[in-house]
Amino acid sequence: MNKKNLLILFIFFISCKTHVNNEVTVYNNDFETNNLSNIRNGFLEQYNGSTVLGRYNCNDNKGYFNLTLNNLPKHDLITISFDLYIHDSWDGNKSAPDGPDIWQMLVDGNLYVNTTFSNSICPAGGFCSPQSYPNDYPNNYNNPKTGAYRTDLPGVCLSAGPNGTTQYKITKTFRHTNNTLLLQCLDKLVQPNSPDPKCDESWSVDNINIKAITL
Ligand SMILES: [Ca+2]
Ligand SMILES: [Ca+2]
């Protein structure tokens with residue numbers, strides 16, 4: 001490396017000084033020990049060989065969970081990540097009586113995800129119900145399962161048909177300095193013509209990890 005390149009490299013390192021200084025995991029839960037501490041409206045179920053938080057549907061068990069963290073260390077940013085499983089026949093942006101099938105994530109009352117998911121099967125050349133994810137609802141029309149991590153997972157309810165389960169990796173990093181944090185995940189699922197709404201469409205969460213970051 002010549003002197004000029006060395007100087008450029010040196011300047012690069014100096015200018016990166018404001019990057020992450022410290023990163024602490026303040027919450028981590030794969031639910032395998034049935035730990036529901038800090039969680040309101042928590043339910044556990046086995047899915048695909050793992051214990052998951054869920055399943056939820058607002059027409060069955062209120063369709064939400066709240067996770068509260070107290071006494072967080074001093075921090076500038078928070079990163080929240082988890083697996084979100086969208087089970088069975090979600091209808092995305094469809095209107096009543098099938099949808100819209102909305103899912104939201106809030107932190108301290110602020111909306112970070114406000115979207116719809118569709119597990120519709122697309123016939124060749126035919127219509128299949130679009131979803132908003134990875135964008136916000138309304139005004140976004142993406143193909144079913146856009147942005148998914150896995151699309152080959154089994155459904156939960158046989159009566160919901162062959163729609164299966166779609167796995168998404170949700171990750172959000174945002175400015176946050178309070179020493180408490182309230183994470184809320186919830187659905188506004190619509191399917192009044194189903195005798196068993198939670199079997200028709202539901203969701204669950206696994207591997208929640210929350211990091212507090214100082215700059
Ligand atoms: Ca698990
Ligand atoms: Ca629906």
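**Ground rules.** I am working with a predicted model, where local features need pLDDT of at least 70, side-chain atom pairs count only at pLDDT 80 or more, and totals for chains, interfaces and linings use all residues. Residues are numbered from 1 along each chain as its sequence is written, while chains are lettered from A and ligands numbered from 1 in the order in which they are written.

**Entry one: strand 4.** I looked up residues 50–56, which form strand 4. Strands here are DSSP runs of E with at least two residues, numbered from the N terminus. Five of the seven residues in strand 4 are buried (20 or more other C-beta atoms within 10 Å of the residue's own, with C-beta atoms placed from the backbone).

**Entry two: its partners.** I counted two strands as paired if DSSP finds at least two bridges between them. Strand 3 (residues 44–47) is antiparallel to strand 4, with four bridges, and Tyr-47 sits opposite Ser-50. Two residues lie between the strands of this hairpin, and Asn-48 has a positive phi near 50 degrees. Strand 12 (residues 201–214) also runs antiparallel to strand 4, through three bridges; there I found Trp-203 opposite Tyr-56.

Next I followed five strands in the order 2-5-11-7-8, paired antiparallel. Which strands stand at the edges? They are strand 2 (39–40) and strand 8 (110–116), each with a single partner strand, so one side of each has no neighbour in the sheet. Further in, I checked strand 5 (residues 64–69), which is joined to strand 11 (residues 181–188) by six antiparallel bridges. Asn-66 has Gln-184 as its bridge partner in strand 11.

Terms used. A residue is buried if 20 or more other C-beta atoms lie within 10 Å of its own, exposed if 12 or fewer, and partly exposed in between; C-beta atoms are placed from the backbone.
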